Every structure is written in structure tokens, then in C-alpha cells.
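Here is a short briefing to read alongside the structure. Have a look at the model below, and then we can go through a few of its local features together.

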Amino acid sequence: MTAARDTEGHPARRPIPARLAAHPSVRTVLARREAGDVVRPPAVIDAEWLRELCLAAGADDAAAVSLDHPDLAGEREYAQSALPGTRSLIAMAVRMNRDNCRSPARSVANQEYHQADEQANHAARKVTRALQDAGYRALNPSVGFPQEMDRFPKERIWVVAHKTVAVAAGLGVMGLHRNVIHPKFGSFILLVTVLVDAEVSAYGQALDYNPCIDCKLCVAACPVGAIAKDGAFDALACTTHNYREFMSGFTDWAQTVADSEDAADYRSRVSDSENASMWQSLSSPPGYKSGYCVAVCPAGEDVLGPYLEDRRTFMDTVLRPLQDKKETLYVLPGSPAQEYARRRFPHKPVKEVTGGWQPPAKRSGAGDGEGRTP
């Protein structure tokens with residue numbers, strides 16, 4: 001049976017029970033309705049208005065994409081679960097300061113990442129609030145964490161894949177380093193998405209070219225060989241090292257604490273600097289160990305100039321300091337990353353870890369520390 005409709009085609013309202021109708025708040029809402037003060041939002045959001053809204057909120061670029069886009073087939077179930085009735089997704093990009101990201105001092109680079117994270121989250125929240133005030137239902141998932149840990153480890157923990165949405169919306173193309181490269185801002189962006197229950201008058205179009213210039217500097221910079229020249233990507237190597245102090249690395253560290261006999265045994269496994277670094281990541285936003293693939297990327301119209309002007313100087317001032325830095329590299333035992341790190345960066349100490357992906361190896365005997373990885 002077809003639901004009843006009013007003269008304007010909207011679903012007809014059912015009578016309100018007398019007891020509910022007598023409530024002061026209900027009477028106020030009904031009085032506004034009778035006076036014609038309740039305005040329905042346009043069925044289709046104006047794309048230009050939406051873009052200006054995003055830029056005013058703090059985004060540096062924005063575009064919308066329909067949830068029906070063929071490249072978003074894998075996102076539909078998750079989007080509808082998060083916001084039933086989702087029709088469009090709004091992709092926004094927030095720029096990062098390039099030289100902060102390039103600094104060998106990871107405190108500087110990590111602060112930049114986290115500040116941009118916050119800016120992107122605040123921008124998305126402002127856009128969501130404005131859409132709500134305009135009469136739409138909207139939702140903004142986090143840029144990164146927090147995520148849906150009740151799903152871990154059996155299914156994905158993110159609400160929406162920001163990179164997938166951004167590429168479909170035309171904000172950039174996925175690079176060799178598995179980061180979205182914006183045609184103007186290059187790799188120095190963070191992404192966020194807003195879900196809304198309406199169509200948009202104009203959707204973004206995928207770029208007809210790849211901003212990546214195929215320089216392979218991301219390959220040269222990665223300290224654990226996660227990025228191959230042929231396009232292959234070792235995600236496990238990347239997460240084991242770069243995300244050492246995120247979820248998996250914390251699990252590995254907790255296992256080390258649990259497996260240690262006493263404080264002296266623990267200190268034989270975890271150095272003072274590692275201990276301090278883990279404390280810092282627990283008390284502050286967690287720190288990335290490299291992110292060098294983003295740091296050295298020269299792609300993007302606003303970024304490319306210095307590389308084109310003098311490639312040798314660019315490599316001496318951007319690439320070499322990261323390659324030359326003495327730092328511990330975290331790898332899985334017997335992994336390609338371990339072999340690569342030892343061969344390519346002999347001056348960087350290599351430390352075997354479980355990465356949190358597997359339990360520590362069993363001890364061979366009481367008081368014998370062999371066979372375990374810290």
C-alpha cells in the first residue's frame with residue numbers, strides 16, 4: 001500500500017495523540033508549523049553554496065560525490081549504517097605546512113600532522129552543523145582515530161574511507177606511496193568526509209591525469225622498503241615501523257611488559273628513549289616514526305617549483321637528511337623489510353618486533369631471553 005501524501009507530495013502527517021499535543025514544546029513546534037515558519041530545505045544542495053561553506057569552515061578544497069558512484073560500492077553499506085539515508089559524501093582537504101612535515105625532528109612533523117587533523121575535524125564539524133541548521137541530516141566521521149574498535153580485528157574499523165571518497169570526488173589521485181596527491185597541494189594534505197542525506201547539484205569529477213611525476217623519491221626515502229618501484233606496497237612493513245606507537249605497536253609493547261620477569265628484564269628489552277617515546281604517545285597524540293614518503297614528494301603545482309629548479313639541492317635538503325638520520329627501524333623477524341633496512345640503511349639500527357600482529361616467541365628456558373622479540 002502506498003503511503004498517504006499531502007498536497008505537496010510529502011508524506012502525510014499522522015494525528016498526534018492528545019496527551020503529546022498538550023506538551024508545551026509540542027505546542028510551540030505545531031504553532032510554528034501552522035504559522036508557516038518551518039521551511040523545508042531544498043531537495044538538492046547547491047554545489048557552489050556547499051563549496052563556499054566548506055572553505056569558510058577551514059577546508060582548502062572540497063567536492064561532493066554521489067554515494068551511487070561506482071567507485072564507492074564498497075562504502076555504501078558503511079555509509080548507510082553510519083547515517084541512514086546518505087545520498088552524497090563531501091570530501092574536504094586541509095593543507096599541511098610542508099617544511100614541518102619534512103623535518104627530521106619527528107616532534108615537529110607529528111605536531112603538524114595532528115594540528116592538521118584537528119583543523120580537518122573542526123572544519124567537518126562546522127560543515128555538519130551548517131547542514132543540520134539548513135534542515136539536512138549530516139554526519140562527520142573522524143579524520144583518523146577514534147575508530148570503531150568493537151569491529152577489530154574481524155572487519156574494518158573506519159567509518160568511511162576518506163582516500164577512496166576524495167579520489168572519486170576529484171580531489172586527487174592515489175600516489176605510489178598510497179597517499180592522495182592533490183593537483184595543487186600535492187601530498188601535503190589531510191582528508192575528511194561529511195555524509196549528508198541529500199543530492200548535490202554538481203558532483204566533482206575524477207582527475208583526467210595523475211599529479212604524480214614518477215620521481216620515485218618516496219621509494220628512496222622509505223626506510224623499510226615498503227614502497228617498490230613497480231608499484232607494489234608492503235603494508236605490513238609500513239605499519240610495523242611507521243605506526244610503531246599506534247594500535248599494533250602498543251599491543252607489542254604491552255606484550256613485552258607482560259612477558260618481562262622484572263624491571264631489569266623489561267629495561268633490557270626496551271631502551272630509555274623507546275620507553276619515553278611510548279609514554280609521550282600515550283600522553284599526547286601518538287607519533288609517526290617516519291612518514292617520509294609524504295615529506296619528500298615534490299608533486300603538486302604549489303610544491304613542484306623547487307624540485308624543477310634544482311633537483312640536486314632538493315634532494316640534498318629534503319631527501320638526504322631523512323636518509324642520513326640515525327634512528328631505530330622496527331621490522332618483523334625474517335621479513336623483506338628487515339633485509340632491506342640492513343642493506344640500504346646500515347647506519348640505522350634495526351630492531352625485531354612482533355608488530356602486535358602475533359604473540360611473542362616462546363622463551364627457550366627460564367632466565368633465557370633468546371628467541372623473543374621486544
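Predicted model: local features only at pLDDT ≥ 70, side-chain atom pairs only at ≥ 80, totals over all residues.

**Helix α6**
- Helix α6 covers residues 106–133, 28 residues in total.
- From first C-alpha to last, α6 reaches 40 Å, close to the 40 Å expected at 1.5 Å a residue.

**K289 and its surroundings**
- K289 forms a salt bridge with E245, with the closest N and O atoms 3.0 Å apart.
- This pair links distant parts of the chain, 44 residues apart: K289 sits in the loop between α12 and α13, and E245 in the loop between α9 and α10.
- K289 counts as buried because its relative accessibility is 18%, under the 20% cut-off; E245 is buried too.
- The side chain of K289 also makes a polar contact of 3.3 Å with the side chain of S277.
- Beyond its neighbours within four places in sequence, K289 is in contact with several residues, including R106, H241 and Y330.

**Salt bridges within helices**
- R102 and D99 meet in a salt bridge of 3.5 Å, N to O; they are about one helical turn apart because 3 residues separate them in α5.
- R102 is buried at 13% relative accessibility, whereas D99 is exposed at 58%.
- R343 and E339 form a salt bridge at 3.1 Å, and they lie 4 residues apart in α16.
- R343 is exposed at 52%, while E339 is partly exposed at 45%.

**A network**
- Salt bridges also link D259, D265 and R269 in a network.

Methods: Residues numbered from 1 in each chain as written. Heavy atoms only, no water. Buried < 20%, exposed > 50% of the residue type's maximum accessible area, 1.4 Å probe, protein only. Polar contact = N/O pair within 3.5 Å; in protein donor to acceptor, adjacent residues only side chain to side chain. Contact = heavy atoms within 4.5 Å. Helix = DSSP H or I, 4+ residues; strand = E, 2+ residues; numbered from the N terminus. Expected span 1.5 Å × (residues − 1). Salt bridge = Lys/Arg side-chain N within 4 Å of Asp/Glu carboxyl O.
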